Amino acid sequence: MNQTLNKSALFNGSCFALITTGLSFSIRSGILTQLGTEFALSGEQLGFINSMWFFGFPISMIIGGLFYHSVGPKNIMKIAFVMHTLGVLLTVFATGYVGLLISMLCIGLGTGCTEAACNPMIADMYSGDKMNKMLNRFHMWFPGGIVMGALISKFMTIMDLGWQLQMAVIMIPAITYFVLFYGKKFPEPQVHEATSLSSNLKAMVSPLYIFLLVCMAFTAISEFGPGQWVEVILGSSGADPMIILALTAGLVTILRFFAGPVVGTLGQTGVLLGGAIFTALGIYLFSVVTGPVAYLAAIVYALGYAYFWPVMVGAVAQRVPLSSALGMSVIGAIGMFSSGFFQPFIGSWIDNSTIENTAKGLTGEALQLATGQDTLQKMLVFPLILIVAFTILFFWQKGKKPALDAAH
C-alpha cells in the first residue's frame, strides 16, 4: 500500500524542530550570566560551553548528510529527538563545567540532525522559486524560536523561575515535532544522481561550492556572534539585551516569511551582498550607540543577516544540485564550525578588554559598556570580509541561471 506524501505535516514538523533549535539558542543565551555566576565560570569557559552547541551541530549535520539517503530523514529526526531530550535533562541536572559542556554538545547534535534531515527534505518536496520560498519559511522559525525563547527567558527570569525550568521549556516543540513526523512518508530526491555519494563529492570540489563554503563561515559568525553574547556585551548599553535579541529575531522571522519576492527580485547574490552591507552597518552601530538608539541598530542588523542562512542553503540546492543532502549539510556544518571556533575567541576578547578597561579605572556599568563596544568593533571584521566576497560572487554569477532551474 502506497502512503500519500503529507507535505503539510512534514513541513510543519520541520518548523517545530527548528523552533526547538531557536529556543535552545536564545534560552541558553538568556541564562548564560546565571550559569557563570552559579558555577563561577570565566568568559572563556562560557565561550567553550557555547561552542559545544556549535560543534555538536555540524558533527551531526555532516554524518546526517552522508547517510541521508541510506538511513532516511525519519530516522535522523528520531535521533534529533533523543539528543534534544538528553541535552535538556543533562543541562537541568548539571553540577559543573564538564556537565554543561556535555549537555550543550547533545543539544547541538540534535539541532544538527534537524538541519541534516529537513533542508534536503524541503528541497525535494518543492522546486524553483517555491523551494526558495519554503526554505526561507522553514528557516524563519529559527529566529521565531529565538523570539519565543528570548521572551520566555526574560519573563521567567523576572518571575524568578530558575534556569533549569527555562531549559525544560525546550521540550514542548520537541515533543510536537516528534508527533507530527510519527508514521509519515518522506519524499524521494528530485535528481536521481544526487543519491550517489561519488556524484555528491565530485560536485562539492567545484570552485563555486568551495567559495560558498568560505562565505558561509563568515555569514554564520556574523549572525551568531553578537546574538549569542547579547546579554554580556549589551547588558550596560541602556537597552534591554533580551528585548534586542527578540526584536532582531522577530524582524528576521517576518522578513523570511516574505523572502520569495525579495530573492526573486534581487537574486540570491544580490540579497547576500546587500545583507553583508547592512550587517556591517548594524554591528558598527551597536558598537557606538547607547540607550534607545540601540534598538535602531538592532533593526539595521536584522535587515542584514535575515536571509544569510536560507539563501546560502538555497544557493547550494540550486547552483550545485548534485551535492544534494550532503552538500547542504556540509555548508551548514561549516557555518556552525565557524561559529563554534570563534566563541572562545570572543570570550577571550571580552576577558582581555575587561582587564584593559579595568586598568584604565573603569568599573561597573561603564566597564561593561566599554568592554562590549570593544568586542563588537572586533566582530565588525566578519561582515566586512563578506562585502568583498559577495561582491566577487555577484559578478561571478551574474547572468547565470541556477543549475536546478535549468534542469527543469
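**Aromatic cluster.** I looked up which aromatic residues group together in this predicted model. F25, W53, F57, F142, F224 and W309 make up one aromatic cluster. I then looked up the pairs, and the structure has 25 aromatic pairs. One of them is F25 with F142, whose ring centres are 5.6 Å apart.

**Where the pair sits.** I checked which helices hold F25 and F142. F25 is in helix α1, residues 7-30, and F142 is in helix α8, residues 141-158. The pair therefore ties together parts that lie 117 residues apart in sequence. I also noted that F25 and F142 are both buried.

**R137 and F257.** I looked up what lies over the face of F257. R137 does, at 3.9 Å from the ring centre.

**T91.** I found T91 in helix α5, which covers residues 73-92. Is T91 buried or exposed? Its relative accessible area is 0%, and buried means under 20%, so T91 is buried. Setting aside residues up to four places away in sequence, T91 touches L100, S103, M104, I107, W163 and M167.

**N119.** I found N119 in helix α6, residues 97-125. I then listed the contacts of N119, leaving out neighbours within four places in sequence. They are T114, L135, F138, H139, V313 and M328.

Methods
Residues are numbered from 1 along each chain as its sequence is written. This is a predicted model: local features need pLDDT of at least 70, side-chain atom pairs count only at pLDDT 80 or more; totals for chains, interfaces and linings use all residues. Side-chain values use heavy atoms; hydrogens and water are left out. Helices (H or I, at least four residues) and strands (E, at least two) are DSSP runs, numbered from the N terminus. Buried means under 20% relative accessible area, exposed over 50%, partly exposed in between (1.4 Å probe, protein chains only). Contact means heavy atoms within 4.5 Å. Rings of Phe, Tyr and Trp (its six-membered ring) pair if their centres lie within 6.5 Å; planes under 30 degrees apart count as stacked, over 60 as edge-to-face and the rest as tilted. A charge sits over a ring if NZ of Lys or CZ of Arg is within 6 Å of the ring centre and within 35 degrees of the ring normal.
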